[in-house]
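Subject: Structure handover

Hello,

I am passing this structure on to you. Please open it and keep it in view while you read the notes below.

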Amino acid sequence: MLPAISFQLPAWIVPRVTLPAPIPPLEAGGWKLEATMKYYLWTVGCQMNKADSEKLAAGFDRLGMKAVDRAERADLVVINTCSVRQHAEDRAYSKLGRVRDLKKERPTLKVAVMGCMVGLKTGELEKRFPYVDAFARPQQFGPVMALVEEPAEDMGGEFWPTTYAVPEGPTAFVPVVHGCNKFCTYCIVPYRRGREKSRPMDEIVREVGYLTVHGVREVTLLGQTVEAYGHDLAEQPDLGDLMRELSALERLERIRFLTSYPKDMTHRILKTIAELPKVMECFSLPVQAGSDAVLQSMRRGYTIGEYLEKIAEVRALMPNAGITTDIIVGYPGETEADFEATCDVLERLRFDKVHVAAYSPRPGTIAHRTMADDVPQAVKAERLHRVEEIEERISREINASYVGTTQEVLIEGLKHEQPFGRTRTGRLVHVDAPARIGSLVDVRIEHAGPFSLRGSFVDALVLA
Ligand code: SF4
């Protein structure tokens with residue numbers, strides 16, 4: 001039985017959702033004022049950013065605001081940014097450039113920028129984009145919510161956008177530990193998202209219980225290094241303890257977790273994952289490089305030998321586990337031999353998916369301060385291409401090995417009227433028959449493409 005949970009709006013929330021003054025309809029673009037305030041929320045970056053946006057959207061929805069899919073139709077535009085790569089920053093800058101034109105046409109439009117670009121760069125952003133009404137760091141919802149509501153005085157000016165964000169589909173992201181203590185030399189996350197801070201276990205269980213009552217069947221537990229969960233809490237539970245508690249929720253079918261850090265992934269946690277039927281055998285375990293020299297220079301805290309041992313441990317406990325990884329090519333000082341070592345690891349471990357990026361120095365990081373970006377762009381591009389080729393070939397081979405097998409699939413939605421979902425190992429499957437979203441079904445895999453599988457039902461296991 002689920003615990004009886006009551007979810008009420010905090011008394012201190014005072015909605016203020018009407019527009020301050022009537023705005024004439026625009027001639028061009030067809031924008032027209034309506035009684036309900038409309039928001040456009042644009043997000044780039046990791047799952048943590050997406051979870052922040054979901055939370056913010058739930059806060060807006062609670063106030064009666066309406067989501068729209070174009071900035072042109074919105075009264076409030078929020079740009080949720082990422083600093084991990086230059087490309088992500090460039091996309092945010094381009095978006096902000098377009099919003100400036102809208103603000104010129106319609107000065108009452110509210111604009112907020114949040115996420116990892118805010119913090120070190122706020123002064124620079126304020127100068128470059130003076131028309132932005134609010135800047136907010138990751139998870140700092142207050143300045144954005146202040147554009148649409150006022151907190152009661154006894155909250156000391158603090159805001160919290162919502163109790164829990166309920167997504168439209170049957171899957172949800174649930175942050176369990178924020179921030180990171182690792183300080184890998186190339187990474188900006190610890191500076192922007194702060195140090196590791198775990199959420200209390202009872203709060204997470206309550207949130208997931210609430211989500212399941214509202215149709216969620218699968219949750220992905222999020223952390224920059226998710227196995228760090230709990231070490232800063234009084235009782236010091238680990239990720240396995242949290243998974244055990246969540247497994248007891250009757251309506252929850254599946255539990256995923258992102259992103260793993262090899263040193264934090266203990267045998268105890270791995271055994272718990274293997275034991276609990278609701279926890280998916282689906283790992284995201286970044287290796288970043290195959291050479292000890294590069295790993296040491298990145299301050300990743302493990303050797304390639306230790307990484308290989310960790311994968312061997314995962315596969316000994318869960319032979320069919322799906323494992324994805326991240327690779328950086330062209331890190332400062334990476335030689336041809338270092339890069340060959342990375343290719344060798346990819347061939348040996350045969351990951352289900354490889355997320356590869358060319359190194360780009362991020363201001364504020366140790367690598368940016370102390371290392372020359374000395375691998376030429378052309379060499380980076382060539383190495384990137386080589387990794388993509390290896391990845392595509394292996395992924396195609398792994399997909400082909402699924403043909404003829406039966407896989408448990410959670411139906412997540414419809415694409416061109418056709419149901420799709422994922423296996424317990426995280427593979428995307430399209431199903432050739434109608435199915436209810438949120439149902440857990442057995443699918444016989446009949447066809448494998450480079451990026452997804454296709455099949456038909458064997459039998460329905462559970463209907464939501
Ligand atoms: S573990 Fe390293 S790469 Fe991952 S978020 Fe922390 S500092 Fe960044």
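This is a predicted model: local features need pLDDT of at least 70, side-chain atom pairs count only at pLDDT 80 or more; totals for chains, interfaces and linings use all residues.

Residues are numbered from 1 along each chain as its sequence is written.

The protein chain has 13 helices and 19 strands. Helices (H or I, at least four residues) and strands (E, at least two) are DSSP runs, numbered from the N terminus. Of the 464 residues in the protein chain, 42% are buried. A residue counts as buried if 20 or more other C-beta atoms lie within 10 Å of its own, as exposed if 12 or fewer do, and as partly exposed in between, with C-beta atoms placed from the backbone. Two residues are in contact if their C-beta atoms, placed from the backbone, lie within 7 Å. Among contacts between residues at least 6 apart in sequence, 71% join residues at least 24 apart.

Around the ligand are Cys180, Lys182, Phe183, Cys184, Cys187, Val189, Pro190, Gln224, Thr225 and Tyr261. A residue belongs here if its C-beta atom, placed from the backbone, lies within 6 Å of the molecule. This shell divides into 7 nonpolar, 2 polar and 1 charged. Ala, Val, Leu, Ile, Met, Phe, Trp, Tyr, Cys and Pro count as nonpolar, Asp, Glu, Lys and Arg as charged, and the others, Gly among them, as polar.

Helix H7 spans residues 239-247, and its buried residues are Leu239, Gly240, Leu242, Met243 and Leu246. Seen down the axis of H7, these fall within an arc of 160° and so line one face of the helix; the arc is that of the directions from the helix axis to the C-beta atoms. Their cover includes strands S8 (171-178) and S11 (254-258), along with helices H6 (201-213) and H8 (267-275).

In the loop between S11 and H8 sits Thr259. A cis peptide bond, with omega about -15°, joins Leu258 to Thr259.

Two residues other than glycine have a positive phi: Gln139, near 65°, and Arg299, near 60°. Gln139 is in the loop between strand S6 (134-136) and helix H4 (142-145), and counts as partly exposed because it has 19 C-beta neighbours inside 10 Å. Arg299 is in the loop between helix H9 (292-298) and helix H10 (304-317), and is partly exposed, with 14 other C-beta atoms within 10 Å.

Regards
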